[in-house]
Amino acid sequence: MTGAAPASQHQPRIFSGIQPSGGLTLGNYLGALKRFVEKQDEGIETIYCLVDMHAITVWQDPLRLRHATREMAAGFIAAGINPERSILFNQSQVSAHAELAWIFNCVARMGWMNRMTQFKDKAGKDKEAASLGLYAYPALMAADILVYHATHVPVGEDQRQHLELTRDIATKFNHDYETDFFPITEPVIEGAAARVMSLRDGTKKMSKSDPSDQSRINMTDSADTIAQKIRKAKTDAEPLPELLDGLKDRAEARNLVNIYAALDNRSPQEVLTEFAGQGFGAFKPKLADLAVASLSPISKRMQELMQDVAEIDRILGRGAERADEIATPIMERCFDIVGMVRARR
Ligand code: AQP
């Protein structure tokens, strides 16, 4: 038994994904996509996946799913993902994800899955009516990552628990099969916007499936809509404090400061230093201008890219081929380790 392999024993490789369960939000952009673009320039192989199999763990209208997948691919490219440098594809097109997910369903324990807070949040009160896929979601997510032997996964704060489960699954697999085959992946959760909150309720995260469109900024919102949503965002009557400590019990105010900081590549403290003593009447228009200046060029480019859907499908197809080249030999070795006979045809 060699025990668990630290990620450092494996070639560094970054993997992450976003569900095409709706349009990209400012939360997805700041917590994930903007950082995916930064990682692309760090000289490590980057694999980015539109996780359509995750999306169908809750009902998706087929026409909308197809549109959202292509639009999200356009959003990735418009935000700066270069499909020549990074591998960009949709999950369902690389069958190794589903194959490894099944093996991980047999490695993960019911007790571990029962502790997953995202399942509890998404299933709500009627757990009996939730899909089996929603329950098994974290095992598929572990497969997404480990089928590429990814060592680092940039995500928002909400995915921390799933990343810990990924590490648990890799550790148990390695232990049970007396191997160091799977890396123990490092979550990369960083920056002021690791958890962007709803514009209507500072205790809830901004989410693409929130029933209230006013709760989020969509990447496809017009400049007017962005400005109007920020103007109407819930805040309080106090001016902005000088120090971060002064935002401790002001969730909505903290959220807007964090969004400003992330959009402007500054720290929240630097933003406070500039705006201390000013109220939201002065701060919100500045934030709206910054958000429009950051997001409008991306949304304009997305619209242009969506004029040529065949080209988007071609990019996704090429990405799937490249992903498959990495995943297939890893999956073959995994089947061998588990004891599955390689049949001759
Ligand atoms: N509000 C957020 N703040 C920071 N990061 C966020 N992410 C999502 N929301 C925020 C990050 O975006 C990546 C992709 O997330 P996902 O689409 O796979 O699933 P999610 O986290 O469940 O996102 P949503 O928008 O809430 O989707 P729905 O509504 O379909 O469930 C992840 O890295 C996530 O951390």
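1. Helix H9 covers residues 223-232, and its buried residues are Ile 226, Gln 228, Lys 229 and Ile 230. These buried residues pack against helix H12 (280-305). Buried means under 20% relative accessible area, with a 1.4 Å probe and protein chains only. Helices are DSSP runs (H or I, at least four residues), numbered from the N terminus.

2. The model is predicted: local features need pLDDT of at least 70, side-chain atom pairs count only at pLDDT 80 or more, and totals for chains, interfaces and linings use all residues. Residues are numbered from 1 along each chain as its sequence is written, and side-chain values use heavy atoms, without hydrogens and water.

3. Twelve residues from domain 1 and 13 residues from domain 2 make the contact, meaning heavy atoms within 4.5 Å.

4. About 1,100 Å² is buried between domain 1 and domain 2, and carbon and sulfur atoms give 77% of this area. Buried area is the accessible area (1.4 Å probe) that two parts lose on being put together, summed over both. In domain 1, Leu 26, Tyr 29 and Ala 78 lose the most area to domain 2, together 43% of what that side buries.

5. Which elements give two or more residues to the side of domain 1 that touches domain 2? They are helix H1 (26-40) and helix H3 (62-79).

Definitions and conventions: Buried means under 20% relative accessible area, exposed over 50%, partly exposed in between (1.4 Å probe, protein chains only).
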